[in-house]
Amino acid sequence: MDTRLSVVKLRAVLAGLLGLSLATAGPVLAMTTTSSDEALYRLEAGNQRFAAGITQHPNLSQSRLRETVEQGQEPFATVLACSDSRVPVELLFDQGVGDLFVIRVAGNVCGVNEIGSIEYGVEHLGTPLLLVLGHEHCGAVTAVATGVEMHGSIPRLIGNIIPAVTRAEALTGKHGEEVVPEAVVENVWQSIGDLIGGSAAVRQRLADGRLKVVGAVYELETGTVRWLGEHPRQAQLLAAGPTSPVHTPEPTVEPPVEPVPATEESHSTHAAEAEAADTDAAGAHAVDAEQPAEEAGGGGMTDEERIQLNRLAIANQGLNSMLMIVTGGLLFIALGLAALAYQVFMLKSG
Ligand SMILES: [Zn+2]
């Protein structure tokens, strides 16, 4: 194992040296033969450089830009990370253009879109390594752990994080801010679990050894990546096969604004009015009463109103068509008369 690792490291170092000396050429990254361990080592080495302040900023030349267009991209790793502005993936691994296939989403959750993107990276681009990178002080994880009020689509986005926080609480007995460090780790495992359960392509590649999936946590203060390795229950997850990939609970805090049931009267056309109506039902009715008929084109109409409006629209269309036909006919007659007058005139003068 040690010798194998040394060989891997030696190859990676050689690859790195090649990259330095041949910044314009493809060999570094045209590493179709890059193994999972080599890819992992390149990430480890890059982060060590970054944390130590001795970055090389590889693969950022103009020729590199051209090369990745002409020869296509061949990233050596796929990375799922958080959108947090303090987690700039390429920078913290000291990588350049065309090196990493990165998916960033708040809370590094792994829903359908993320799974699709990851499949593109590992299947289509053939990256031998997938890293799920959580980070300290993650706002999304903290929001779930502390029960912060969330609005819009955020509750549904972070639905994937809830099981992770629940597990961390059960494991540690901690709650709120205190459980966040453990919840961040559990959230990494959650995303890996969601990915394995949700992607046949990933399961297949994991099983036949073409792909390695590892987790890690990025430490904001030090710039260091703490490596977690493979999912501790990867074998069981693989054996379990497909699972439902997404956790999309109903929004817990804010009821949906747009879809109003046809039987209810409450509706308004402006978001501000809608918000006001949320807290004041009487206000909502007042808005309704004052609402001009032509403004009723918004989301909150009854079926009857919709039918009425449709009828009006159809009648309007009919009227327009008739007007067009009449205008066309009149034009035709006018042209005919003009032609006749011209002939008469020619006959007389001839
Ligand atoms: Zn985050």
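## Helix α2 over the sheet

Helix α2 (residues 36-52) lies across β1 (77-81), β3, β4 and β5, and runs at about 35 degrees to β3. Contact here means C-beta atoms, placed from the backbone, within 7 Å. Helices (H or I, at least four residues) and strands (E, at least two) are DSSP runs, numbered from the N terminus. Angles run from 0 to 180 degrees between N-to-C directions, with axes being lines fitted to C-alpha atoms, for helices over the stretch in contact.

This is a predicted model: local features need pLDDT of at least 70, side-chain atom pairs count only at pLDDT 80 or more, and totals for chains, interfaces and linings use all residues. Numbering starts from 1 along each chain as its sequence is written.

## The sheet

The open sheet has five strands in the order β2-β1-β3-β4-β5, with mixed pairing; strands pair if DSSP finds at least two bridges between them. At the edges stand β2 (100-104) and β5, each with a single partner strand, so one side of each has no neighbour in the sheet. From one strand to the next, the twist averages 25 degrees.

Strand β3 (residues 129-135) pairs with β4 in the parallel sense over seven bridges, and L129 has K212 in β4 as its bridge partner. Y218 stands opposite V225 in β5. Four residues sit between the two strands, and G223 takes a positive phi near 75 degrees.

## α6 against α9

α6 and α9 pack at about 115 degrees, their axes 10 Å apart. V141, T142 and A145 from α6 meet V180, A183, V184 and N187 from α9.

Helix α6 (residues 139-146) has A140, V141, A143, V144 and A145 as its buried residues, where buried means 20 or more other C-beta atoms within 10 Å of a residue's own, exposed 12 or fewer, and partly exposed in between. Their cover includes α8 (162-172) and α9. After α6 comes G147, with a positive phi near 65 degrees.

## The nonpolar core

The largest nonpolar core has 59 residues, and V79, L131, V141, V165 and A183 touch the most other members. Such a core is a set of buried Ala, Val, Leu, Ile, Met, Phe, Trp, Tyr and Cys residues joined through C-beta atoms within 7 Å. Helix α9 (residues 180-198) gives the most to this core, nine residues. Leaving out residues up to four places away in sequence, A183 touches V141, A145, A164, V165 and A168.

Methods: Contact = placed C-beta atoms within 7 Å.
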